[in-house]
Amino acid sequence: MSVLVQNCRTCGGRWFPARLMCPRCGGADLVPVSVERGVVEQLTHLGDVVIASVACDPEPLLVARLHGAVEPGDVVELTDDPGASGRPVAFVPPISLPREEMS
């Protein structure tokens with residue numbers, strides 16, 4: 001399980017959702033990279049739905065829907081599969097990449 005984020009080859013910044021250029025250095029050499037897990041920082045309960053900020057190492061900070069019992073400080077697997085279940089995961093919808101990155 002993992003999600004795709006963008007990595008700037010110029011400065012190393014990682015971004016989600018996809019950008020046309022790096023907001024840190026202005027570079028346009030952005031490539032998708034896979035991120036497998038992150039640390040839950042904060043939770044928001046909306047009825048039965050739990051939304052969390054999940055910090056990846058080194059970046060980015062993602063907003064994800066949690067599945068399973070998770071507390072702040074827990075390490076969770078990240079997935080872009082909305083049907084993933086069976087153990088605690090953080091669901092992040094897939095990013096839309098610029099057309100040249102998709103080919």
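Let me start with T79, whose side chain reaches the backbone nitrogen of D81 at 3.0 Å. Please keep in mind, as we go on, that this is a predicted model.

Where in the fold is T79 found? This residue is part of strand β7, and it stands opposite F91, which belongs to β8. Is T79 buried or exposed? Its relative accessibility is 3%, and because buried means under 20%, T79 counts as buried.

Now let us look at the two strands themselves, with β7 covering residues 75-79 and β8 covering residues 89-91. They run parallel to each other, and 3 bridges join them.

This pair, in turn, belongs to a closed barrel of 5 strands, in which the order is β4-β5-β6-β8-β7 and the pairing is mixed. Going from one strand to the next, the twist averages 50°.

Stepping back to the protein, we find 8 strands and 1 helix, and if you follow the elements from the N terminus on, the order reads β-β-β-β-β-β-β-β-α. Of the 103 residues in the protein, 38% are buried. If we take the contacts with a separation of 6 or more, 48% of them are accounted for by residues 24 or more positions apart. Finally, the protein exposes about 6100 Å², and carbon and sulfur atoms supply 51% of that area.

Definitions and conventions: Residues numbered from 1 in each chain as written. Predicted model: local features only at pLDDT ≥ 70, side-chain atom pairs only at ≥ 80, totals over all residues. Heavy atoms only, no water. Pairing = 2+ DSSP bridges. Helix = DSSP H or I, 4+ residues; strand = E, 2+ residues; numbered from the N terminus. Axes fitted to C-alpha atoms, helices over the stretch in contact; angles between N-to-C directions. Buried < 20%, exposed > 50% of the residue type's maximum accessible area, 1.4 Å probe, protein only. Polar contact = N/O pair within 3.5 Å; in protein donor to acceptor, adjacent residues only side chain to side chain. Contact = heavy atoms within 4.5 Å. Areas by Shrake-Rupley, 256 points an atom, 1.4 Å probe, with all protein chains shown as cover.
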